[in-house]
Amino acid sequence: GVLTVEVFANSAMNITAPANPPYKLTVYRLDGMQRVEQAINNRLPKTEPEARAWMEQNGERIRRETKSQVINAANGITMAQHYHINRLPAVLINRKVVVYGMTDVGAAIERAGGRR
């Protein structure tokens, strides 16, 4: 049976998965760090002194708010490299079978020959 499912995607991909799956499900958003960087850059004041002051005032809050997103992206990138994931989306089932091009987790499991 299916014990673990890991989905590798970017933030633009809408992943469909059961609400309470009978397996451990992890969705990695590999562009998470870029999205955090982009969000910070969009909020930064234009001059360097103002930007430094803004970061001093908001740095801790930003780290707290974005920590899980950054960790998820870093872990996903590491796992994708380890399992030679070479395109997105990818669904890794039981850390053995990869199904590419599907955002519906249940359909990917079926295609791989597993049960939902």
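Guide: Arg-61 and Glu-65 join their side chains in a salt bridge, with N to O at 3.0 Å. This is a predicted model, so please read each value as computed from it. Why can these two reach each other? They sit 4 residues apart in helix 2, so about one helical turn separates them. Side chains of opposite charge can pair when their charged atoms come close. Arg-61 is partly exposed, at 26% relative accessibility, and Glu-65 is partly exposed too, with a relative accessible area of 47%.

Now look along helix 2 for other pairs. Arg-63 and Glu-60 form a salt bridge at 3.6 Å, N to O; these two are 3 residues apart, so again about one helical turn lies between them. Glu-60 is partly exposed, at 48% relative accessible area. Glu-48 and Arg-52 meet in a salt bridge at 2.6 Å, N to O, and both of these residues are exposed. The whole structure holds 4 salt bridges.

Helix 2 also has a buried side: among its buried residues are Trp-54, Asn-58, Ile-62 and Met-79. The buried residues of helix 2 pack against strand 1 (4-9), strand 2 (24-29) and helix 1 (32-43).

Helix 2 covers residues 48-82, yet its end C-alpha atoms are only 39 Å apart, short of the 51 Å a straight helix would reach. At Asn-58, helix 2 bends by about 55°. Just after helix 2 comes His-84, which takes a positive phi of about 55°.

Notes
Residues are numbered from 1 along each chain as its sequence is written. This is a predicted model: local features need pLDDT of at least 70, side-chain atom pairs count only at pLDDT 80 or more; totals for chains, interfaces and linings use all residues. Side-chain values use heavy atoms; hydrogens and water are left out. The expected span of a helix is 1.5 Å times one less than its number of residues. The bend at a residue is the angle between axes fitted to the seven residues ending there and the seven starting there. Buried means under 20% relative accessible area, exposed over 50%, partly exposed in between (1.4 Å probe, protein chains only). Contact means heavy atoms within 4.5 Å.
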